[in-house]
Amino acid sequence: MIHLSVSDIAAATGATLLVEGAREVSREALIDSREAGEGTLFVAFAGERVDGNAYLAAAARQGAAAVVASADVDEKTVSELASLGCSLLRAEGDDCEEFLLRLARRVREDHPEWLVVGVTGSVGKTTTKDMLAAAFGSQRRTHATRGNLNNLIGLPLTVLSAPDDAEVLVCELGMNHAGEISRLSAACEPTLACVTNVGTSHIGLLGSRENIARAKAEIVSGMRAARGLDPALALLSSGDFTPLIADGFARPAGVEVVEAGQGEKDAVRRASISLDEEGRATVGLACADGWHGEARLPMPGRAPADDLLLALALVWRAGLDRDRALAAIEDMPRTRMRLEIRTAASGARVIDDSYNAAPASMAASLDVLATMACEGRRVAVLGEMGELGDEAARLHGYVGAYAAAKGVDLLVLVGGELADDMAEAARTMGLSEDAIERLATVEDAVRVIGPVLGAGDLVLVKASRAAGLDSFVRGVLA
């Protein structure tokens with residue numbers, strides 16, 4: 001929570017203090033005026049659809065202690081804010097993102113006792129973050145990123161909403177462009193951090209996997225040592241860009257590097273893995289200090305086993321009990337729309353993984369579809385993936401080919417030209433034309449596919465968020 005005077009907030013952020021009211025900022029920052037309450041700080045983003053500056057007075061009426069404008073404020077609103085005792089600031093350059101980042105950094109500096117754990121990577125960030133939240137939460141008062149609020153707005157809101165008695169903050173750091181993770185890292189200053197992997201997400205914006213690796217490596221730029229953890233530590237999954245991140249970024253910054261994977265020299269390694277008929281993995285784990293353990297993951301697929309290695313390694317290096325941490329991970333709740341198993345009205349089981357997608361996560365989800373027990377047909381309903389740039393056609397083709405290689409009984413492809421690329425690749429790999437259904441819209445998919453699903457069918461639904469396949473899930477569940 002925020003415990004700063006409005007003059008201190010202005011000094012920390014570069015904002016201009018226009019009205020100094022009597023109310024005390026004592027709670028979190030928020031960007032939705034409807035959530036305002038006593039002691040909160042409302043930050044008014046001028047969005048494309050909603051201009052928060054129109055709701056400054058409304059937030060004050062609901063108890064906000066201070067509001068931050070990003071545009072000129074009319075005299076009537078200024079007068080009302082003053083009469084309510086609500087302070088008014090104007091963000092420097094009307095940049096609310098930078099205002100939040102600077103304020104988060106100031107609050108972080110005021111809490112050197114926090115152990116901040118940062119998580120970034122191309123895929124698996126949210127699963128790893130959730131595992132870490134469960135593991136640390138089993139032994140320490142832990143505050144974590146909600147959902148995947150991991151961007152230039154979501155991360156500072158996470159820091160600014162940390163309870164006063166928090167001991168550990170688990171922060172997810174996402175990005176679209178180079179330079180963003182360095183800004184996020186500066187705002188939360190992790191002592192422990194991990195890079196889950198380097199994939200092809202955002203390759204259309206960054207141009208190459210090496211550039212993606214460099215962008216993820218920015219997390220080390222804001223890292224700081226803490227009492228009992230000096231130097232700061234970066235945990236990396238063993239992979240092709242691990243040396244680049246370790247030797248090009250982490251070690252030159254004075255950050256210790258530890259690796260996790262399947263190699264004998266990895267500090268934490270996967271000793272064994274087996275899948276049950278629901279596709280859930282039981283993972284044998286080994287640490288370099290001789291500790292061994294086993295965990296049965298609550299979500300299906302092999303990919304979360306890699307996330308588990310990272311979570312366990314960070315728990316170990318933080319000095320916590322690894323057995324208790326694994327028990328908490330086994331019992332952790334599932335994240336909505338991420339390999340969530342649901343039952344349709346027809347009796348078909350739906351693997352709802354519609355929240356987001358990248359080529360690697362598409363392949364991992366198709367693996368889940370292929371390994372789970374199924375008495376009927378295996379159906380893959382796939383939409384298009386975003387931010388792949390010039391590589392989009394090729395990478396969508398790979399997904400279509402992989403789906404065919406997995407032997408799906410019905411491949412439903414929703415979208416435009418990129419869905420055509422998946423369909424063509426699936427045909428090239430030998431999938432029968434009768435097993436491929438091309439549909440232009442999600443509504444078409446609900447209308448055509450919904451009625452033909454039956455008891456015993458297993459249906460994977462996956463695409464980038466913009467494809468809207470969560471509407472397909474809702475349609476077939478109704």
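## A first look around a predicted model

### Starting at Lys-129

To find Lys-129, look in helix α5, which spans residues 125-137. Is Lys-129 buried or exposed? Its relative accessibility is 2%, and because buried means under 20%, Lys-129 counts as buried. Its side chain also makes a polar contact, reaching the side chain of Asp-130 at 2.9 Å.

Helix α5 packs against helix α11 (residues 303-317) at an angle of about 40°, and the two axes are 9 Å apart. That angle makes α5 oblique to α11. The crossing of these two helices is right-handed. On the α5 side, the contact is made by Thr-127, Thr-128, Met-131, Leu-132, Ala-135 and Phe-136, while α11 brings Pro-304, Asp-307, Leu-308, Leu-310, Ala-311, Leu-314 and Val-315. Sorted by class, the contact of α5 with α11 has ten nonpolar residues, two polar and one charged.

At what angle do the axes of α14 and α15 cross? They cross at roughly 45° and come within 7 Å, which makes α14 oblique to α15. This crossing of α14 and α15 is right-handed. Helix α14 takes part through Ala-392, Ala-393, His-396, Gly-397, Val-399, Gly-400, Ala-401 and Ala-404, and helix α15 through Leu-418, Asp-421, Met-422, Ala-425 and Ala-426. The classes here are nine nonpolar, three polar and one charged.

The last pair to visit is helix α9 (residues 209-217) with helix α10 (residues 242-250), which pack at about 50° with axes 10 Å apart. That makes α9 oblique to α10, and their crossing is right-handed. The residues that meet are Glu-210, Ala-213, Arg-214 and Ala-217 from α9, with Leu-244, Ile-245 and Phe-249 from α10. This contact of α9 with α10 divides into five nonpolar residues, no polar ones and two charged.

### Two residues and their partners

Leu-418 belongs to helix α15. Not counting residues up to four places away in sequence, which residues does Leu-418 touch? They are Glu-384, Met-385, Ala-392, Ala-393 and His-396. For a sense of scale, Leu-418 and Ala-225 are 193 residues apart in sequence, and their C-alpha atoms are 46 Å apart in space.

Tyr-55 and Ser-33 are 22 residues apart along the chain, and 6.3 Å separates their C-alpha atoms. Again not counting residues up to four places away in sequence, Tyr-55 touches Ser-33, Phe-42 and Val-50.

### Backbone details in the loops

Where is the cis peptide bond? It joins Asp-230 and Pro-231, with omega of about 10°.

Next comes Glu-189, which has a positive phi of about 45° although it is not a glycine. Its place is in the loop between α7 (180-188) and β9 (192-195).

Glu-387 also has a positive phi, near 60°, and is likewise a residue other than glycine. Look for Glu-387 in the loop between β17 (378-382) and α14.

### Accessibility of the residues we met

| Residue | Relative accessibility | Class |
|---|---|---|
| Lys-129 | 2% | buried |
| Glu-189 | 11% | buried |
| Leu-418 | 21% | partly exposed |
| Tyr-55 | 38% | partly exposed |
| Glu-387 | 38% | partly exposed |

Why does Leu-418 count as partly exposed? Its relative accessibility is 21%, and the partly exposed class lies between the buried limit, under 20%, and the exposed limit, over 50%.

Conventions:
Residues numbered from 1 in each chain as written. Predicted model: local features only at pLDDT ≥ 70, side-chain atom pairs only at ≥ 80, totals over all residues. Heavy atoms only, no water. Helix = DSSP H or I, 4+ residues; strand = E, 2+ residues; numbered from the N terminus. Buried < 20%, exposed > 50% of the residue type's maximum accessible area, 1.4 Å probe, protein only. Polar contact = N/O pair within 3.5 Å; in protein donor to acceptor, adjacent residues only side chain to side chain. Axes fitted to C-alpha atoms, helices over the stretch in contact; angles between N-to-C directions. Parallel < 35°, antiparallel > 145°, perpendicular 65-115°, else oblique. Left-handed = near helix turned anticlockwise from the far one by under 90°. Contact = heavy atoms within 4.5 Å. Nonpolar A, V, L, I, M, F, W, Y, C, P; charged D, E, K, R; others polar.
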